[in-house]
Amino acid sequence: MPISNNSFSSLLTSWMQSEEIILWGVADLRSFSTPFAATGQRFPFALSWAIPMNPLIMANIQYGPNQAYAGDYDRVNVRINELAEKLAAGIRDSGFQARPLAASERTDPVTIKGDFPHKTAATRAGLGWIGRNCQLITRTFGPWLRLGTVFTDMPLPCGLPIERNYCGRCTLCIDACPAGALRGAAWYPGLPREEILDVQACDSWKIEHYFQCHKGHICGICAAVCPYGLKLLKKKPV
Ligand code: SF4
Ligand code: SF4
């Protein structure tokens, strides 16, 4: 970067390729309460991308997190934050507003939420849907990923939002959750998180049982058992 004024879209595609990001898109967030840009206007769009977790590590946490998972979680978060800063700087150099959304940052400890849901940007960009485990599920990586988001006012072609879930009759994540925190609701856009996840039950369980892993901030069981993730183990390495 910087991105030229002539072809934001193709330069962005090249940039994503150079960073080996294969799953990304642009979300139209004009009907959402996004953060305010320096112009005083809310950001209308967001770039959303996924960085995969290590599949072998994910497959090994079906009964609880371990230090390998904690390490991979950190590795991916660091990469997401670095990419977000780089991307936002490139967009700003091109004369537009941009603001990264930090990976895994809780700005409201009471509701256990960040400034804006990465998952909302991802579903509106067409990356995937919210599964019964309350995580983004993608065809490419299942839920074995973490998300990056950069808000912007740069005009870019937006993805087709995903408006339904593809969990079918599966309840594996609900059955596996040791905290009984997953309520079984099938996601559709606008469904409150509370209908899918009892966030206090999830959080209390993690603090009580997995404090040795990021002071009880991570678990991963409900992602580890998801068939959309497990099918990655059958893929041949490229
Ligand atoms: S992260 Fe763990 S405790 Fe929370 S919903 Fe998933 S399986 Fe249950
Ligand atoms: S385990 Fe099944 S129900 Fe849960 S998110 Fe994955 S596909 Fe959906």
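Which residue in β6 does Leu 47 stand opposite? Leu 47 stands opposite Val 150 in β6, and this pairing lies in the sheet described below.

This is a predicted model, in which local features need pLDDT of at least 70 and side-chain atom pairs count only at pLDDT 80 or more, while totals for chains, interfaces and linings use all residues. Residues are numbered from 1 along each chain as its sequence is written, and chains are lettered from A and ligands numbered from 1 in the order in which they are written.

## Overall form

The protein has nine helices and six strands, where helices (H or I, at least four residues) and strands (E, at least two) are DSSP runs numbered from the N terminus. Its radius of gyration is 18 Å, which agrees with the value near 18 Å that a compact globule of 238 residues would have; the radius is taken over C-alpha atoms, and the globule rule is 2.2 Å times the number of residues to the power 0.38. The C-alpha trace spans about 50 × 40 × 35 Å along the principal axes.

Buried residues make up 40% of the 238 residues. A residue is buried if 20 or more other C-beta atoms lie within 10 Å of its own, exposed if 12 or fewer, and partly exposed in between, with C-beta atoms placed from the backbone. Of the contacts with a separation of 6 or more, 69% are between residues 24 or more positions apart, a contact being a pair of residues whose C-beta atoms, placed from the backbone, lie within 7 Å.

## The four-stranded sheet

Strands of a sheet pair through backbone hydrogen bonds, either parallel or antiparallel. Here an open sheet of four strands has the order β1-β2-β6-β3, with antiparallel pairing; two strands are said to pair if DSSP finds at least two bridges between them. The edge strands are β1 and β3 (98-101), each of which pairs on one side only. Neighbouring strands of this sheet are turned by 25° against each other on average, direction ignored. Helix α4 (residues 118-125) packs on the sheet, touching β1, β2, β3 and β6, and its direction makes about 95° with that of β1; axes are lines fitted to C-alpha atoms, for helices over the stretch in contact, and angles run from 0 to 180 degrees between N-to-C directions.

The bridges and one residue pair from each pairing are set out here.

| Strand pair | Bridges | Opposing residues |
|---|---|---|
| β1 (24-28) and β2 | five | Val 26 and Leu 47 |
| β2 and β6 (145-152) | eight | Leu 47 and Val 150 |

Strand β2 (residues 45-52) is largely enclosed by the rest of the structure, because eight of its eight residues are buried. In a regular strand the side chains alternate between the two faces of the sheet. In β2 both faces are covered, with Phe 45, Leu 47, Trp 49 and Ile 51 buried on one side and Ala 46, Ser 48, Ala 50 and Pro 52 buried on the other.

Ala 84, which has its place in helix α3 (residues 67-93), counts as buried because it has 21 C-beta neighbours inside 10 Å. Leaving aside residues up to four places away in sequence, Ala 84 touches Pro 100, Gly 148 and Val 150. By contrast, Gly 95 lies in the loop between α3 and β3 and is exposed, with 10 other C-beta atoms within 10 Å.

## Surroundings of the ligands

Ligand 1 is surrounded by Asn 133, Cys 177, Ala 179, Ala 181, Leu 182, Cys 202, Trp 205, Lys 206, Cys 219, Ile 221 and Cys 222, a residue being counted if its C-beta atom, placed from the backbone, lies within 6 Å of the molecule. Elements giving two or more residues to this shell are α7 (199-209) and α8 (221-224), and α7 supplies the largest share, three residues. The shell divides into nine nonpolar, one polar and one charged residue; Ala, Val, Leu, Ile, Met, Phe, Trp, Tyr, Cys and Pro count as nonpolar, Asp, Glu, Lys and Arg as charged, and the others, Gly among them, as polar.

Around ligand 2 there are 13 residues, of which the closest are Gly 131, Cys 167, Cys 170, Cys 173 and Cys 226. Here α5 (172-176) and α9 (227-230) are the elements that give two or more residues, and the shell comprises nine nonpolar, three polar and one charged residue.

Notes: Two residues are in contact if their C-beta atoms, placed from the backbone, lie within 7 Å.
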